[in-house]
Amino acid sequence: MQITYANTKVEKYFSDYNRLQRKLPFAWVRSIKKFMNYLKAAECFGDFLQLGLGRPEQLEGTQRIRYSLRISANARLILEPDATEETVMICTEVEVEGVVDYHGDKDNWFIP
């Protein structure tokens with residue numbers, strides 16, 4: 001599967017895990033790296049979802065289709081498949097939005 005990034009700042013962090021580790025706890029970086037490796041290895045987004053890693057959940061209240069993966073109790077990796085509702089399972093491109101504190105009423109982005 002092809003992975004793209006929301007902007008250059010996100011790409012800098014996700015292409016250099018040492019830089020990411022300076023920003024986030026080691027356990028989170030280890031989980032993120034594992035998820036990214038499985039995403040790259042999957043043929044389509046549906047294959048990755050069937051694994052159930054990170055308890056993928058579709059986010060509600062957004063106009064675009066977005067999924068979150070649990071990195072820790074409150075931290076989530078946000079992914080946006082390049083697909084519609086009908087084609088999300090066969091999607092072959094995913095955009096990484098970043099890492100967010102998904103707890104409470106507002107979102108605090110660790111990596112926007």
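Visitor: Does E80 count as buried or exposed, and at what relative accessibility? And which residue does E80 form a salt bridge with?

Guide: Happy to take you there. This is a predicted model, so local features need pLDDT of at least 70 and side-chain atom pairs count only at pLDDT 80 or more, while totals for chains, interfaces and linings use all residues. Residues are numbered from 1 along each chain as its sequence is written, and side-chain values use heavy atoms, with hydrogens and water left out.

E80 counts as buried, because its relative accessibility is 13%; buried means under 20% relative accessible area, exposed over 50%, and partly exposed in between, with a 1.4 Å probe and protein chains only. The partner of E80 in a salt bridge is R64, and their closest N and O atoms are 3.5 Å apart. E80 belongs to strand 4 (residues 75–81) and R64 to the loop between strand 2 and strand 3, so this pair ties together parts 16 residues apart in sequence. Strands here are DSSP runs of E, at least two residues long, numbered from the N terminus. R64 itself is partly exposed, with a relative accessible area of 45%.

A salt bridge needs a side-chain nitrogen of Lys or Arg within 4 Å of a carboxyl oxygen of Asp or Glu. By this rule, the count comes to four. In one of them, the side chains of E97 and R66 meet at 3.4 Å, N to O. That pair links distant parts of the chain, with E97 in strand 5 (residues 93–101) and R66 in the loop between strand 2 and strand 3, 31 residues apart. E97 and R66 are both buried. Through salt bridges that share partners, R64, R66, E80 and E97 are joined into one network.

For another pair, turn to R70 and E57, whose side chains meet in a salt bridge at 3.2 Å, N to O. Here, too, distant parts of the chain are linked: R70 sits in strand 3 (residues 67–70) and E57 in strand 2 (residues 57–58), 13 residues apart. R70 counts as partly exposed at 29% relative accessibility, and E57 is partly exposed with a relative accessible area of 31%.

Methods. Helices (H or I, at least four residues) and strands (E, at least two) are DSSP runs, numbered from the N terminus.
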